[in-house]
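The sequence and structure come next.

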Amino acid sequence: MGRVKGSSNKSSGEIREQKRKAHRTLKFVSWIIQLAAEAVLGFLLVRLGMLSTPLLIAVIVLMVLLLVLTFFLFGLRKKHHHSKFETKHIVGIIISIAVIAISVFGSFFASKIIGTVSEVTRPIMPSSTVAVYVLNEDSATDITHARDYEFGFSKAYDSEHITSTIDAINEELTKEIATKEYEDVFSMVNALLEGEQQAIILNKAYASLLDDLEEYEGFLENTRIIYEKSFVKEIPAEEEDEEEPEKKISDGAFIIYLSGSDTRSYYLTTSRSDVNILAAVNPETKEILLVNTPRDYYVPISVGGGAYDKLTHCGIYGVDCSRDTLEALYGVDIAYTAQINFTGVERLVDAVGGVTVNSDVAFTTYNGYYIDYGENNLNGEAALGFARERYKLSGGDNDRGRNQMKVLTGVIKKLTSSTALLENYAGILDSISGMFVTDMSYNNIADLVKLQLSDGGDWTINNYAVAGRGGSSTSTYSMPGWNLYVMYQNDNAVAKAKYLMEKVLMGEHLTPEDMI
């Protein structure tokens, strides 16, 4: 009986020892995971670059203190020979698990921001897409069905990509397709619409210009695309090295050109610039002036050697053309550019929880939303309708420009609200992915966020819409000889816009009298 009892006591001791080892292993593993999670978070917060130095130091110190606290609560500095799993160990486990969870969430949050901001600031230009068009009644549904067709093309616009597209079609069909070259785009389009040409190869950006002409108003509705090829221009590494030293937000006030791309796709493509807003930003005074230039403004286009064109047409030659044209118009230096398309606007507004705008009149938008006089709370689709409508407004394009700035003002106010950012940061980041691009560097954006987080407070936002007089012209760089609607410049309005921008850049506050 004695040996049996002794054997039982020995077995209980072994069990207690095993429990102690298991508890010690659990505490050690939990502490190591906490250490790793905090280290990853600390690295990402430093890489993020959006926290002020005092705040970053405070966060790191707090993480170190929590690590030391759990170390002592676990009793990892010495072995404990009693079997009781003490209360402080349980508290340590709870704190460690909470810190791990917060660190994992914080790391996901930080890495998501880093990834999205890196994407929108990457050295890349919006894609240019060339398409093959056939008539709606044509039996071909894809390029393989058109292998024996004759393809019309013109090198009058985007000859490089047109040639590359023909080569790509030849490669895909493993044969050299039959082609016919036209002197200009219009004779080629006429040949297709009149049944003289089976298919034509045309850049989609130029196809959108046909909407400006009554003669081709139904082109996009009467044709189908059976093949597309997109081209994305990336900036070579050696070209990046040759660029001027990076501008810094801390250097002072700046102007950014905001371009609204006339597309509804889930990626940004070269197209007409339907929205052209200059934002004069002064981080020190926390003041922003938005200046809208009507899309149909009749201006000397930068690529035209002094020839005039509608401002919106600059977009098909790239954002640089639009920016350079606006710089010449106002005599200002534009530090940065940013582009977003219509789908991006709609998704961004929804991501920030909608915007509030004040309408000067009541009207129904082209997409069926009723806008009341006064304050309106709009979702993304309604905000897009409010910003794009012009035919229901007495001021036409001038009023549309004012409404576009109202939507932009609403978005800026939401984005400068920490509450809105924290509530749906993932949706905000996802909403601009692929549909927004800027030449601001990652560090520029990080500095702006750091400034807002450090100083807080609201920004003062003023709007000014440059006016003009509607008319028509047959002398446009992109469509010479065609009678197009244009808006002739108002010299006084242009001069005032320049004056207001310069005042903001100089750190002077705009007064109500300034905005009259």
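## Strands and their partners

From strand E4, Ala-199, Ile-201 and Asn-203 point one way while Ile-200 and Leu-202 point the other, and all are buried (under 20% relative accessible area; exposed is over 50% and partly exposed lies in between, with a 1.4 Å probe and protein chains only). In a regular strand the side chains alternate between the two faces of the sheet. Because five of the five residues of E4 (residues 199-203) are buried, the strand is largely enclosed by the rest of the structure.

This is a predicted model: local features need pLDDT of at least 70 and side-chain atom pairs count only at pLDDT 80 or more, while totals for chains, interfaces and linings use all residues. Residues are numbered from 1 along each chain as its sequence is written, and side-chain values use heavy atoms, with hydrogens and water left out.

Strands (E, at least two residues) are DSSP runs numbered from the N terminus. Two of them pair if DSSP finds at least two bridges between them.

| Strands | Sense | Bridges |
|---|---|---|
| E1 (residues 128-135) and E4 | antiparallel | four bridges |
| E2 (residues 150-154) and E4 | parallel | three bridges |
| E7 (residues 273-282) and E8 (residues 287-292) | antiparallel | six bridges |

Ala-131 stands opposite Leu-202 in E4, and Phe-153 has Ile-201 of E4 as its bridge partner. Val-281 faces Ile-288 in E8.

An open sheet of six strands has the order E16-E11-E6-E7-E8-E17, with mixed pairing. Its edge strands, E16 (436-438) and E17 (460-465), each pair on one side only.
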